[in-house]
Amino acid sequence: MEIATKYDPKECEERWYVRWEETGAFTARPESGKPPYTIVIPPPNVTGVLHSGHAMFVTLQDILIRWRRMQGYDALWLPGTDHAGIATQMVVSKELEKQGLSRSGLGREKFLEKVWEWRREKGDAILLQLRKLGASCDWTRTRFTLDKSLSHAVRTAFVKLYQEGLIYRGHYMINWCPSCGTALSDLEAEHEEKQGNLWHILYRLEGGAPGEGLTVATTRPETLLGDSAVAVHPEDERYRGWIGKRVLVPVVNRFVPVIADAMVDRAFGTGAVKITPAHDPNDFEAGKRHNLEAIAVIGHDGRMTSNAGPYAGQDRFTARKGIIKQLEAEGLMVKVEPHLSAVSHCQRCHTVVEPVISNQWFLRIAPLAGPAIKAVEQGEIRIIPDHWRKVYLNWMSDIHDWCISRQLWWGHRIPAWYCESCGKGAGGEDPQRKMVSMEDLDSCPYCGKAVRRDPDVLDTWFSSQLWPFSTLGWPEKTADFERYYPTAVMETGYDILFFWVARMIMAGLKFTGKPPFKEVFLHGLVRDAKGRKMSKTLGNVVDPLELIELYGADAVRFTLAILCVPGTDVALDTKRMEGYRAFANKLWNASRYVMMQAGDAQPPAPAGETLGPWDRWILSEFEKTARGVNSALEAFRFYEAADLLYHFTWHSFCDWYLEASKPAIQSGGERAGAARWTLVHVLDGTLRLLHPIMPFITEELWQRISPREGFIAHADYPAGNEGDYAAPSQLPSVMELVNKMRNVRAERGLSPSAPLEAVVVPQGPGLAQALDESRGEVMFLARLSSLVQSEALPDEQSWTKGVVGGFRFALRAAASQAVDAGRERQRLEAELKKALAERDKFAAKLANPSFSERAPAEVVEKSRTLMAEYARKADDIRSAIESLLDQH
């Protein structure tokens, strides 16, 4: 078949993806009788555009799915999107503002109509972008977290948890984002170390002298307006006499008690701390213990409330500045010192989070965490890399209840109702738990009067935690649920281990009685080439779509795979993509050569005895590579699989075998037929091995090797059967000889095409026969005009001598000038120095007990072998130097 001289990724990618999708190449087939293998995609936000994190998980998951599909599994990769409550509501609100409309002006129902309209127009953009990367998802099963069936699953889960008393409602301290206008879970409040100040403020003693009082240290002076007490540690001797007295809160001039509480850190500040129950989680708990009033001085909008006196209505940070000035003016600011503290920010908009007391819905986590801990401890779920298993267990053992309500309109509305007439209500007085229902309530089930529905929606992660089974039809026992659940693996970034993975484990065990997946692989974060986090501020954000345009999807995917080393973040350097684009071109050109040699007809399989040593060698190397790639993918060592394929394809197949096959093909006859068959056979297998990582170019080339039906995506994946082909044991030594001859040519500055004469002295068992069997290949590869096997090297000055492996050799250019003895001696002495250094390096390693006694036996033995080889090489070089001195 004709094939272009240059690979065009764009044309190839667009053409093949359309064919794959139109023919249902990626659709799972329950009726196939094959064993199921399932991955559910981490659903990207419906507002999202493809970023480097998406590119990473799409690449890795697609590698796994394509690999398993080719291994004979009924592979289901289920795609979909998340409704992304806060993000989507913000995006649509901004779009409406451009039209002169507002969310509040439209009202809830009209606003939600606008959001659904936006979702229908733009919500699938991210899924179209995933196709650009080659994602082999089953698009017939695409899900959205607000689909009717998934909404039913969310409601079922909420009602069940409420009925069991695991969901409750109450006034508690929560994280509040003034910008987004909603509660946040602890995980959505990200802590950042910030350099600030520790202000030491005097609280005057009631009835005391003018300067008498307690000095209190705080990082948030604006909250002192809501102080209800000052606390000291009960065992702090400095303040034992102060307990029970009262001090005056500055600015608001309110007397509060001095209390004793063991929560006080005696080493922090002065050891006396202000207690503001309405604006600090620890103070909230202290307030409950001591029955203190919670005075809210900062509102949900981030402005000071009417309780803030003269600062009412001001922004909280503006009020801070005013309060500091007032304290300084009144002589109450004792001192100010720099202080590094952890400040919580909203994960979404980066606004400083405000702790507030609010009436919210919560999920009791402890009863759910226990089984999830046990599942990992007992090996029902394996987390890779292993150190994340320890992190998971530590975090799960100290987990807090989850605030699951959000003050938004877009999302799963909480199915809870309240009756103003009889006072019954969800989360409150609801003795029969009827006020949370699977069906919408029109009237109160207790008194029959009108009811109102809770205005809040559920945290987006509440629906996401059900994703592995809600997407398959749960709570109904659908055919897909019965066949494809539990899923095989959850592959995602380590940054959402707690946001999502842990919650999926808890939910899966709770609602299905089974872990949602058997394995969890956590890849690192994708950073820039310098290892920095990508951000618009730094201007280092990498757009995968632009990379695909520049380098092709296959090069982008190969780069991400080979950089994915477990336990490390990925430093994404586009120069690596240039290299792997060159790799794609190398594969393309090699395939062109093979097709030119094979012609239109598939070469017949040769009889075993007609295979030459180089044929057997490349076939053996291919099988070994296949075994290594399968082993690496089983262990999620994507980098290792990609590296094995790169070196086999570029070096073993292209650099060595393609060149070595030329003399055989030129010779004609059985040898030529064996070489042609081997070329096609190994290329076919190499394309199949590469396909999960580089799907587009491999499909294009595989279809061109010979006419066939179907796709490479459904071809058998090479297993690497050991013992199919016996590799010639001495051929690697012959290859070393060729390499060394090439190096000598380069060192002497001889043209690569200038023919050389060679005399070779084999010095090990079987080497003479091996060299004789590969005479034609060695002469071609080393560009020799003659090759003579001898028992001794020639004495003439015109020869350049060398030693490698089990060979001594001499080279000279035809009709060349006499070799410079001085320069030749310098070259040999430099080689001797290198050989001795390598010998000594391995000797030192073997002399170290921590290596020789603890390293695997095969590693120790390999080091002994290498040490002996370098020692022998040094002896051979010494002999060559002595021979040179004898001649001169």
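Reader: Is Glu113 buried, partly exposed or exposed?
Author: Glu113 counts as partly exposed, because its relative accessibility is 46%; buried means under 20% relative accessible area, exposed over 50%, and partly exposed in between (1.4 Å probe, protein chains only). Please note that this is a predicted model, in which local features need pLDDT of at least 70 and side-chain atom pairs count only at pLDDT 80 or more, while totals for chains, interfaces and linings use all residues. Residues are numbered from 1 along each chain as its sequence is written, and side-chain values use heavy atoms, with hydrogens and water left out.

Reader: Which helix holds Glu113?
Author: Glu113 belongs to helix H5, residues 108-122; helices (H or I, at least four residues) are DSSP runs, numbered from the N terminus.

Reader: How many salt bridges are there in the whole structure?
Author: A search finds 50, each being a side-chain nitrogen of Lys or Arg within 4 Å of a carboxyl oxygen of Asp or Glu. One of these joins Glu700 and Arg15, at 2.9 Å from N to O. Glu700 is in helix H22 and Arg15 in helix H1, so this pair ties together parts 685 residues apart in sequence.

Reader: Are those two residues, Glu700 first, buried or exposed?
Author: Glu700 counts as buried, at 4% relative accessibility, whereas Arg15 counts as partly exposed, at 30%.

Reader: Turning to helix H17, how many of its residues are buried?
Author: Eleven of the eleven are buried, so helix H17 (residues 553-563) is largely enclosed by the rest of the structure. Among them are Asp554 and Arg557.

Notes
Helix = DSSP H or I, 4+ residues; strand = E, 2+ residues; numbered from the N terminus.
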